[in-house]
Amino acid sequence: MVHQGMQQRSDEDFMREAIAEAKAAAKEGNAPIGAVITIGNRIVARGHNKVFTRYDITAHAEVVAIQKLAKKIGTFELKRYKLFSTFVPCAMCLATILRANIPTVIYGAEAFDAPQFSSGIHQRVNRAVRRIAEDRIRFKGGVLRFECARLLANAKPD
Ligand SMILES: [Zn+2]
């Protein structure tokens with residue numbers, strides 16, 4: 001319920017929360033990428049990259065947040081939610097976002113801001129899936145891009 005006079009939280013505001021998750025990932029020795037899922041003014045799930053600590057190549061921030069929310073609300077039908085990520089989602093995350101019917105993805109850094117995370121065949125797959133996903137998902141990139149990219153600058157790729 002939105003009360004009168006309550007200010008809508010901005011995309012930048014939610015991205016700051018995703019950046020805090022990215023910093024938590026880095027502290028654990030994972031790629032500094034974070035995500036939050038929102039509905040209206042509320043954050044309903046948070047996630048950060050857990051690839052190295054879990055030895056799980058699928059534990060990207062976006063997937064971790066989606067898993068948490070689905071478990072919490074008892075469904076993976078997420079068409080009322082928005083996903084924020086500090087880095088442009090990869091093909092695996094986009095496929096997961098499509099399966100969950102999340103209609104809006106807002107992200108910070110672009111692929112070329114962190115080439116060590118998005119090179120060669122991975123980048124070709126990412127671009128192909130992104131083109132397909134654009135039929136169903138509304139993307140907004142570059143939110144707090146500099147801050148998100150700076151986190152990734154010296155990070156070890158996963
Ligand atoms: Zn991913």
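Which residues does F87 touch, not counting residues up to four places away in sequence? Select F87 and you'll find I33, Y107, G108, A109, A114, C148 and L152, where contact means C-beta atoms, placed from the backbone, within 7 Å.

Before moving on: this is a predicted model, so local features need pLDDT of at least 70 and side-chain atom pairs count only at pLDDT 80 or more, while totals for chains, interfaces and linings use all residues. Numbering starts from 1 along each chain as its sequence is written.

Next, the sheet. Show the five strands: they form an open, mixed sheet ordered β2-β1-β3-β4-β5 (strands are DSSP E runs of at least two residues and helices H or I runs of at least four, numbered from the N terminus; two strands pair if DSSP finds at least two bridges between them). Go to the edges, β2 (42–48) and β5 (138–140): each has a single partner strand, so one side of each lacks a neighbour in the sheet. From one strand to the next, the twist averages 20 degrees (axes are lines fitted to C-alpha atoms, for helices over the stretch in contact, with angles from 0 to 180 degrees between N-to-C directions).

Zoom in on β3 and β4, which run parallel and are joined by five bridges. Pick K82 and look for T104 of β4 opposite.

Then select α3, lying across β1, β2 and β3 and running at about 130 degrees to β2.

Note on methods
Two residues are in contact if their C-beta atoms, placed from the backbone, lie within 7 Å.
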